[in-house]
Amino acid sequence: MSLNLELDPLTLRKVFAQHPSGVAALCAELDGVKTGIVASSFTVGVSLEPALVMFAVQKSSNTWPKLREAGRIGVSVLSERNDGVCAQIASKNGDRFRGIDTYSSDQGALFVNESTLWLETSIYNEVEAGDHWVVLMEVHGHRTSEHSPQIFHDSRFHSLPIPELV
């Protein structure tokens, strides 16, 4: 077996798309304005003490500089019931939250209703990583649901059915 040594960005996008990942919306309400980004790079279980999760965001993001100013950021791991939410929040124009049912915590973390998992977080650390920032987030609270998670694989969204208990 020989490895393909092409590492250009287009090839890497296709290669990385072969790894299934959950899709998370990271959102906050800043001065009454709902702000958010989506990340397929979201990872749980980075640390249990303190409770840390992480994600990566492109340095070219126009939204991250605004969102990073929030004291608390809501992480909503999207479910099969959140069809279309990812594309809408990731959109470059229009009202990114129009018609999306959300909940805002007292600290300003914004959550997408009917998600699989909610985590209320704050920025713990930010590390430069090539053309991205890797952001470690401290978890302050959580809520789960019975909804099946939405996953991103092969550049498409899929539902991941929750197995029934026997």
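Student: Is E120 buried or exposed?
Tutor: The cut-offs for relative accessible area are under 20% for buried and over 50% for exposed, with partly exposed in between (1.4 Å probe, protein chains only). E120 has a relative accessible area of 12%, so E120 counts as buried.

Student: What kind of model is this, and how are its residues numbered?
Tutor: This is a predicted model, in which local features need pLDDT of at least 70 and side-chain atom pairs count only at pLDDT 80 or more, while totals for chains, interfaces and linings use all residues. Side-chain values use heavy atoms, leaving out hydrogens and water, and along each chain, as its sequence is written, residues are numbered from 1.

Student: Which residue forms a salt bridge with E120?
Tutor: A salt bridge needs a side-chain nitrogen of Lys or Arg within 4 Å of a carboxyl oxygen of Asp or Glu. For E120, the closest N and O atoms are 3.3 Å apart, and the partner is R72.

Student: How many residues apart are R72 and E120?
Tutor: Helices (H or I, at least four residues) and strands (E, at least two) are DSSP runs, numbered from the N terminus. R72 is in the loop between α2 and β6, whereas E120 is in strand β9. The pair links distant parts of the chain, and the separation is 48 residues.

Student: How many salt bridges does a search of the whole structure find, and which residue pairs with K59?
Tutor: The search finds 5 salt bridges. In one of them, the closest N and O atoms are 2.4 Å apart, and K59 pairs with E128.

Student: Why does the bridge of K59 and E128 tie together separate parts of the chain, and how many residues apart are they?
Tutor: K59 lies in the loop between β5 (51-58) and α2 (64-67), while E128 lies in strand β9. Their positions in sequence are therefore separated by 69 residues.

Student: Which ring does the charged end of R68 sit over?
Tutor: A charge sits over a ring if NZ of Lys or CZ of Arg is within 6 Å of the ring centre and within 35 degrees of the ring normal. R68 also forms a salt bridge with E126, with the closest N and O atoms 2.4 Å apart. The charged end of R68 is 6.0 Å from the centre of the ring of W133.

Student: How many aromatic pairs are found, and why is the pair of F55 and W64 classed as edge-to-face or stacked?
Tutor: Rings of Phe, Tyr and Trp (its six-membered ring) pair if their centres lie within 6.5 Å; planes under 30 degrees apart are stacked, over 60 edge-to-face and the rest tilted. The search of the whole structure finds 4 aromatic pairs. In one of them, F55 and W64 have ring centres 5.4 Å apart and planes at 85°, so the pair is edge-to-face.

Student: What angle lies between the planes of Y103 and W118?
Tutor: Their centres are 5.6 Å apart and the pair is stacked. The angle between the planes is 10°.

Student: In what order do the 7 strands of the open sheet stand, and which are the edge strands?
Tutor: Two strands pair if DSSP finds at least two bridges between them. The order is β3-β2-β6-β9-β10-β5-β4, with antiparallel pairing. Each edge strand pairs on one side only, and these strands are β3 and β4 (43-48).

Student: How many bridges join β2 to β3, and which residue of β3 is the bridge partner of L26?
Tutor: Strand β2 (residues 24-30) and strand β3 (residues 33-39) run antiparallel and are joined by 7 bridges. The partner of L26 in β3 is I37.

Student: Which residue of β10 is the bridge partner of V57?
Tutor: β5 and strand β10 (residues 132-144) pair in the antiparallel sense over 7 bridges. In β10, the partner of V57 is W133.
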